[in-house]
Amino acid sequence: MLIASPAAGPRSQVVPAGTLWYDRPGERWFEALPVGNGRLGGMVYGGAPAERIDLSESTVWSGGPSPWTADLSPTAREQLPNVRKLLFAGEYAQAQQLAGEHLLGTRASFGTNLPLPYLSLTFDHGWLTNYRRALDLDTGLASVSYEVDEVRFTREVLASHPHGVIAVQLTASRPGAISFTAGLDGSVFPGTTGTGIAFSGKAVESLHSDGSTGALVEVRGHVEASGGTTTLTEGRCEVVGADSAVLFVAVGTDWDGADPVRQVSELLVAAVEDGYDEVRAAHVDDHSGLMRRVSLDLGGERDDVPTDRRREGLAAGERDDGLLALYFQYGRYLTVAGSRADSPLPLALQGLWNDGLASSASWSNDFHLDINTQQNYWAAESTNLAECHTPLFSFVERLAASGRSTATQMYDTPGWVAHTVTDAWGYSAPGTALGWGLNVTGGAWLATHLWEHYEYGGDVAFLRDVAYPVLRDAALFQLAYFTEDPATGNLVGGPSESPENWYVAPDGSRCSVAMGNTVDTVFATAILRDCSAAAEVLGVDAELQQRITAALARMSPYRVGRHGQLMEWLHDFEEADPAHRHTSHLCALYPERQITPRSTPELARAAEVTIERRQSADGWEQTEWVEANFALFYARLLQGDQALVHLISLVADASEANLLSYSVGGVAGAAQNIYSFDGNAGGTAAVAELLVQSDPTELELLPALPTSWPNGSVHGLRARAGLTVDITWTDGRLAHATIHPAQSGPHSVQYGNHILDLDLTGGEPITITVQD
């Protein structure tokens, strides 16, 4: 049985997040180390005699806003009922053709996030010895050190959120030894250089937009050298014989009406006035304040081995639990570095960092709403980074504004809708191709994050002012969009697609458009449920709550198919591509909890069969977010050992030397491995899910603890209903857990088959132990 008692003594000291380190300079993007301040990012190679820092900024977008109706097919509203009628009649091939002709959108000025010119530093160095470069996750400091002719050179790089700049400090053990030339090189869009470190350009390209519209961009650098001489020329700054030097870099754009010149000027003036020491201190205090909320100890630390060799060892079958703990914290680090409360945009497909490959690929570096953008934030709430979640909320508000026009003009419904992809200005029309473009619940899925934020934090003002208007209008669209299936009387969505998969129709044709796709039921159910719950909390819209209750009772049930699998479509179609990476219907298992081993065991087993069939099919499309997904699915299935298999595969087979996850070349049209943030975030979320799972009234401790993690501890994980949780386990069993409630009320705690009902009082921590 579980025993509860008042927690005694102060909280234990949080273990530092860890360090990535290497014994050689980075030569490739996947060897560079990321820094970021939520808007401005850098990839630090740590080279000598030439340093390179690849710059990126979240609002450096090509394209621009357009009238929302301009991207919609003018015949979509008229033809939508005809497509629906054909699908209900079983004329799938005809419906597919008609949908392709009339329902798809256009993207004339959609755009993509583009990389900036990179910062180059060249040094007059000879042979290097005793080289080390590192990224301290706790402080957010990237460092490089080495010796040349018995002189120790040290470089430190940070991206300051308080000051809004990237800062580089160069020091040496001998006075007068610092000499270098700095400049900006390698722009992928047109621009001009000014005196010193300066670039003015316009983010334009012709693959994803019209080649003429895009954000105006300003990049400026300022060098402060102690001693020696500093010379500014066109596009370059040269320092000779200095004792030390500091370089500040600021970036500004005119996205959303900003003045880029004024932006960079003000940032540089403030940084120079305060000086490097103050900028550094403010940065460390700010960054570590978020990182130190959570610590994880799985044992097996190997700090004496470079990180790239540790990853290679894991890929070769070596056990390295400490590397998995480091990967968990790395996902948190990237979230902190890439997404802050005041970030102008949320994490894109590549997070904050842009390797230039996604933006030049067919799928672009944008916001994908059929899993990737959502997955980018799966770790935010559970790993105690709720503030980092907030840029997504203002983004959803912008998207809902455009989505109201799309709902009216295309579907003749109230509320708002968004489909599969969106951009920095809130594109909400369908995509440009069948197979992925007609995802009608992408926006609804994204909106569930607002309710999740409320579930964790309990902020009623946020629920009333921000979340509820978005939830209400998303629910209104689904109520109007879902229609009666004439064969069953159930409510089904469509015409739409289960992104990004295809089925084989009874006549043998390969189709994607259908009625009653499981993923639509999952997220229509979720948004209706969340809207109704929010309305009840706020005491509003009683009639709407009644409509929602009636609709939920008529939703098409989830079904098990002929192979024992969870059916992806309303009918038991064969998959056109059994090895496809997308398993959109399994969202009922995670992130939703509509399917669980305890409440719906038959459906949970069917979900497991679906996973088994996918990964055993010839040509299974293993990629980063899929491995993270499968780890999360197995965590929800309470199978920790299986989850760990996929977590290890994520780190070993779908992450690189710098531990950044990637979409593997050959999948989805990618010619080579392309960095994608979602694997890092999803892997971090999976670790948290192995250790703590929750809903608004229940907390489960160590629900899926892998057997190969017999001893360990975690501090600071968050659970719904305002709980913060510390857990220690020994010999594979709970030793003790401390719950820190921020809210009062009844709550149940579960560990294995033990359940304890509590009446929590806000602010009074409780320790839970097991008594056999």
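1. Helix H9 is the main contributor to the lining of the largest pocket in this predicted model, giving 6 residues, the most of any element. The pocket has a volume of about 790 Å³.

2. In total, 38 residues line the largest pocket, and those nearest its centre are Arg593, Arg636, Ser694, Asp695 and Arg720. The elements that give two or more residues to this lining are helices H9 (442–457), H11 (518–538) and H16 (678–691), together with strands E30 (692–695), E31 (698–701), E32 (712–719) and E35 (745–751). By class, the lining of the largest pocket has 14 charged, 14 nonpolar and 10 polar residues.

3. The second largest pocket has a volume of about 450 Å³. Its lining comprises 24 residues, with Trp363, His368, Glu500, Arg581 and Ala668 closest to the centre.

4. Elsewhere in the description, an open sheet is built from 7 strands in the order E3-E4-E5-E6-E11-E16-E15, with antiparallel pairing. Strand E3 (33–36) and strand E15 (229–233) are the edge strands, each pairing on one side only. From one strand to the next, the twist averages 20 degrees.

5. Within that sheet, strand E6 (residues 118–123) and strand E11 (residues 178–185) run antiparallel and are joined by 6 bridges. Phe123 stands opposite Phe180 in E11.

Definitions and conventions: Residues are numbered from 1 along each chain as its sequence is written. This is a predicted model: local features need pLDDT of at least 70, side-chain atom pairs count only at pLDDT 80 or more; totals for chains, interfaces and linings use all residues. Side-chain values use heavy atoms; hydrogens and water are left out. Two strands pair if DSSP finds at least two bridges between them. Helices (H or I, at least four residues) and strands (E, at least two) are DSSP runs, numbered from the N terminus. Axes are lines fitted to C-alpha atoms, for helices over the stretch in contact, and angles run from 0 to 180 degrees between N-to-C directions. On a 1 Å grid over the protein atoms alone, a cavity is a set of points where a 1.4 Å probe fits but cannot get out, and a pocket is an open set with protein on both sides within 12 Å along at least five of seven lines; lining residues have an atom within 4 Å of a point. Grid points are joined across faces, edges and corners, and a volume is the space filled by probe spheres set on the points. Ala, Val, Leu, Ile, Met, Phe, Trp, Tyr, Cys and Pro count as nonpolar, Asp, Glu, Lys and Arg as charged, and the others, Gly among them, as polar.
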